[in-house]
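Trainee: I am new to this structure. Please show me how to read its features.

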Amino acid sequence: MCGIVGAIAGRDVVPVLIEGLKRLEYRGYDSAGIAVVADTGVRRVRRTGRVSEMESAAAAEGFSATLGIGHTRWATHGGVTEDNAHPHISHGELALVHNGIIENHEAQRERLRGLGYAFESQTDTEVIAHLIHHYRAQGADLVGALQQAVRELHGAYAIAVIDKRDPGTMVAARMGCPLLVGLGDGENFVASDVSAIVSSTRRVIFLEEGDTAELTRDAVRIFDADGAPVEREVHVSDVSLASLELGPYRHFMQKEIHEQPRAVADTIEALMDDNAFSAELFGKDAAGVLEGIEAVQILACGTSYYAGLTARYWIEALAGLPCAVDIASEYRYRQVVANPKQLVVTISQSGETLDTMEALKYAKSLGQSRTLSICNVPESAIPRASRLVHYTRAGAEIGVASTKAFTTQLVALFTLAATLAKLRGRLDARQEDELLECLRHLPGSIQHALNLEPQIVAWAELFAPKDHALFLGRGMHYPIALEGALKLKEISYIHAEAYPAGELKHGPLALVDDAMPVVVIAPNDSLLEKVKSNIQEVRARGGQMFVFADADSQFGESEQVNVIRTPRHAGILSPIVHAIPVQLLAYHAALARGTDVDKPRNLAKSVTVE
Ligand code: F6R
């Protein structure tokens, strides 16, 4: 959702801000702006629409400065208008950008109106600018005014502020939303995401909850929530520029689909080095946390939730543990029956999803302290709030529709299931070797599935004119059907629903006619014969079927039944391999319909609001 970048340097920072905002575009936004402190005071340019439009306006107005802040906004409080776009300015002197939501903004607005402040926007953000201005007017320096102001805010924020009366300083604060400081040579930066500043520096400090920071060109001072100076660890980010650039691909989604053999190989690298499933893969003190658990509770949203649904089959079958999987936004408002001996697993690509974070906090508040985060973004909020962490190594995922994050989450969850099985004495050395061997073959099997792309392109052309589609699967391939339907609807805008194939005759079969394409995930597993019967039910109603099977499934093709086969059955890891063709189908259907594949309408990459 919203993104922040700020820079203080000896060079012109406007290109740094523009490049940073372009790198944050993937998060989803509807307006963008920058403000700089120049010789003439604070200057600002804002536009609804793309960063490139705002960039042209800044160039036309000759923007150039050594201190500035920038923002991409995804509207929450107030519509998509230039007045509501950030930065917000108080009294022509102080400019501020903000991610998050200020819950007590109404009360603060009334109070500030009483103090003579006039409001130009409908945003919750503008109150913060005026509040800091108010404390400056009472004599506080910039960081002191920021510290006084944030004490009065309820809600979540990442903030960066500049002030024309202090042209050598930028200040920042964080609570509930990520913000980091980038350390350069004679220049320093703030950003909500390391990708925004990676061309300038890789040395970063992740601010902690309640921290404030004061940056000059040569120094960074950080203060904790009580205002006391603190030292925070400096990290060297391994985000690569290549992962943020398209290279030879048309879209990030296409690139990321094709990166999956490598992403999966990287995610299992540590496992393959040790040639064993071990608790240490989940953190140093993981054995103590994982031993003796009685159940697993998985919490996640969207595609990550479907990864959790798949994992339930592995956790129950391999580890013999009961496993519940909940949508985080539902769990957090339910009166759940807590079990302190339960492992609570959150799954999140971004590590920022608000509902998942809140569900985790709720689970912990009920005395469930055994928490594990499976996440793709190091040092993000959810892993930081979890006792154990397993980072997937998909690399930066830029396309809004999750692809390589999903398959690497599945790999991490499979590793968890096998590790729990071993800790519980349910995996002997031979079985462990077999599972490791399956994982070793996985990147190759994914590559084989990618090689099916030309056949899938032909199917996508048949799908493109359709308004609706059904996806069917059984057992551990049912979540892959759900994922296929989600991918198709979110990027091609074709309405798609997924059902366990056995549910068809309990209602959805009424929808089937010769205009309804039905995608079936049908690998050669113990449920194949059942799936074949379900296919006959569709066939008898004139439905057009598109079956993803494997070489052993023995499907006869006919006028009504189209089959694409992966070369061999991937055994227990088959759901991961079958995720690839449904991703490709959605991608090529979207391409044929001419939608904005990497930035589908109304969606954001990082969902930091409820
Ligand atoms: C769909 C998609 C979303 C995310 C969901 C959770 O392609 O990407 O459904 O999976 O918003 O996001 P994370 O995993 O970042 O918590």
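This is a predicted model: local features need pLDDT of at least 70, side-chain atom pairs count only at pLDDT 80 or more; totals for chains, interfaces and linings use all residues.

Mentor: Start with domains, whose bounds come from an automatic or database domain assignment. The C-alpha centres of domain 2 and domain 3 lie 26 Å apart. Contact means heavy atoms within 4.5 Å. The contact between these two takes 28 residues from domain 2 and 23 residues from domain 3.

Trainee: What are the bounds of the domains?

Mentor: Domain 1 is 3-243, domain 2 is 247-443 and domain 3 is 453-593. Residues are numbered from 1 along each chain as its sequence is written, and side-chain values use heavy atoms, with hydrogens and water left out.

Trainee: How do I read two packed helices?

Mentor: Two packed helices are described by the angle between their axes and the distance between the axes. Axes are lines fitted to C-alpha atoms, for helices over the stretch in contact, and angles run from 0 to 180 degrees between N-to-C directions. Helices (H or I, at least four residues) and strands (E, at least two) are DSSP runs, numbered from the N terminus. Take helix α1 (residues 14-24) and helix α2 (residues 51-60): they pack at about 170°, with axes 10 Å apart.

Trainee: Which way do α1 and α2 run relative to each other, parallel or antiparallel?

Mentor: They are therefore roughly antiparallel. Angles under 35 degrees count as roughly parallel, over 145 as roughly antiparallel, 65 to 115 as roughly perpendicular and the rest as oblique. Ile 18, Leu 21 and Lys 22 of α1 meet Val 51, Met 54 and Glu 55 of α2. By class, that contact has four nonpolar, no polar and two charged residues. Ala, Val, Leu, Ile, Met, Phe, Trp, Tyr, Cys and Pro count as nonpolar, Asp, Glu, Lys and Arg as charged, and the others, Gly among them, as polar.

Trainee: How do α15 and α16 pack?

Mentor: Helix α15 (residues 404-423) and helix α16 (residues 429-450) pack at about 170°, with axes 11 Å apart. That makes α15 roughly antiparallel to α16. Among the contact residues are Phe 414 of α15 and Leu 435 of α16. The classes are six nonpolar, one polar and two charged.

Trainee: How do I tell a pocket from a cavity?

Mentor: On a 1 Å grid over the protein atoms alone, a cavity is a set of points where a 1.4 Å probe fits but cannot get out; a pocket is an open set with protein on both sides within 12 Å along at least five of seven lines; lining residues have an atom within 4 Å of a point. Grid points are joined across faces, edges and corners, and a volume is the space filled by probe spheres set on the points. The largest pocket holds about 910 Å³. Its lining has 40 residues, with Asp 238, Val 239, Asn 376, Val 377 and Pro 378 nearest the centre.

Trainee: Why does the largest pocket lie between domain 1 and domain 2?

Mentor: Both domains give residues to its lining, so the pocket lies between them. That lining has 15 nonpolar, 13 polar and 12 charged residues.

Trainee: How many cavities of 30 Å³ or more are there?

Mentor: Four. The largest cavity has a volume of about 100 Å³. Its 13 lining residues include Met 1, Cys 2 and Thr 608.
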